[in-house]
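Biologist: Hi! I'm new to this one, so could you walk me through it?
Modeller: Happy to, let's bring it up.
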Amino acid sequence: MKFIVSSSYLLKQLQVLGGVINSNNTLPILDNFLFELDKDSLTISASDLETTMSAKIAVESEDDGVIAVPAKLLLETLKTFPEQPLTFLSEDNNIIEISSNHGKYALAYANGEEFPKAVELEDPSKTPIHGDVLATAISKTIFATGNDDLRPVMSGVFFQFSTESLTFVATDAHKLVKYTRDDLKASQNAEFIMPKKPLNLLKGILAGTDSEVSIEYNESNARFTFDDTQLICRLIDGKYPNYEAVIPKENPNKLTVDKSLFMNSVRRVSIFSNKTTHQIRLKIAGAELNVSAEDIDFSNKAEERLTCDYHGDDMEIGFNSRFLSEMLNNLTASEVQLEMSLPNRAGILTPIDGLDEGEKITMLVMPVMLNS
């Protein structure tokens, strides 16, 4: 088979697909890109068995054929070329030859028939979503997912589609994020748990695009289709915890504060906190918010005062500064509200502004016990 393709165009596609390939694969064939040529259309796929991603690109060719090309070697070669047409030619001796303006390069390829076939989705439900909206939903939630192998359901993002809205939830039991779009809906109710790796790939490709993404899903797999790209992945098996039950409903103490001032204050003060607990203390009274931290072992401490708008009883509450910083960092608001009931109940962080119409985000952070 023979085809001609632009070097930079090919590299761009392969770099995206390369994100699927693991550094240590159980099957050697998975170290390759699968090239499926059908006249002037080349479909390239990469897989790690759990996730398979493929992209269709235009080439100049009259041939067809299927081969598996070593991914690392091909990517490293393409990165060194300036933009130019490359000619790929494979003979029956299992060698594919690449000709550029500068010279020729020969790679050994594997039999494409050995490459694992992507899963076919039987009887899937389908929901369309704008690419940039999906990328936003992923980036607003994925940081809150857990890494506990014993609780695999918490290591993914929970997609909850209903006929009224689309909701995305992530939690690791210390923090929880619920991102809802009331302006979007599915044709029927459905829920599934998406693993992190394919979500990170989608987030990287879809951020800022105008692509329309079609999400198809059944009990065990999901398929995302947009432009000339398709990603199929296995879903995380299991039942997602009832997250609504942990969101406190009655929160009479409401603190409103400038986000960037609060975030910078938490960052600075946390440098002086205990390196194991990362504990910072918020002391709120009237229009004053006092942020402090202390590391008794090393006699380090820091304290800052901020003005705020507060309605409720005077209170002191402790949080893990890393969780609080991460949440504030993922909010695009100029002002945020922290709602609390008691020092031992979760605090609810929401943005006051900076949201699109139909967009809702609720972040919940568990307190840490204060040593008085």
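Modeller: A word on cavities to start: on a 1 Å grid over the protein atoms alone, a cavity is a set of points where a 1.4 Å probe fits but cannot get out, and lining residues have an atom within 4 Å of a point. This is a predicted model, where local features need pLDDT of at least 70, side-chain atom pairs count only at pLDDT 80 or more, and totals for chains, interfaces and linings use all residues. Residues are numbered from 1 along each chain as its sequence is written, and side-chain values use heavy atoms, with hydrogens and water left out.
Biologist: Okay, how many cavities of 30 Å³ or more does a search of the whole structure find?
Modeller: One. The largest cavity holds about 40 Å³ of space, a volume being the space filled by probe spheres set on the points, with grid points joined across faces, edges and corners.
Biologist: Which residues line the largest cavity?
Modeller: Its lining is made up of L49, E50, T51, T52, A118, V119, N221, I232, C233 and R234. Two elements, β4 (51–58) and β17 (229–234), each give two or more residues to that lining; strands here are DSSP runs of E, at least two residues, and helices are runs of H or I, at least four, numbered from the N terminus. The largest share, three residues, comes from β17.
Biologist: Is C233 buried or exposed?
Modeller: C233 is buried, with a relative accessible area of 1%. Buried means under 20%, exposed over 50%, and partly exposed in between, using a 1.4 Å probe and protein chains only. C308 also counts as buried, at 13%.
Biologist: New topic: what caps the N-terminal end of α6?
Modeller: That's N320, with a side-chain oxygen 2.9 Å from the backbone nitrogen of R322. N320 lies in strand β23 (residues 315–320) and counts as buried at 9% relative accessibility.
Biologist: And what is N320 in contact with, leaving aside neighbours within four places in sequence?
Modeller: T277, H278 and V368, where contact means heavy atoms within 4.5 Å.
Biologist: Which residues of helix α6 are buried?
Modeller: In α6 (residues 321–329), they are S321, F323, L324, S325, M327 and L328.
Biologist: Last one: where is H130 found?
Modeller: H130 is in strand β10 (residues 125–130), and is partly exposed at 28% relative accessible area.

How values were computed. On a 1 Å grid over the protein atoms alone, a cavity is a set of points where a 1.4 Å probe fits but cannot get out, and a pocket is an open set with protein on both sides within 12 Å along at least five of seven lines; lining residues have an atom within 4 Å of a point. A polar contact is a pair of N or O atoms within 3.5 Å; within protein, one must be able to donate a hydrogen and the other to accept it, and residues adjacent in sequence count only if both atoms are side-chain atoms.
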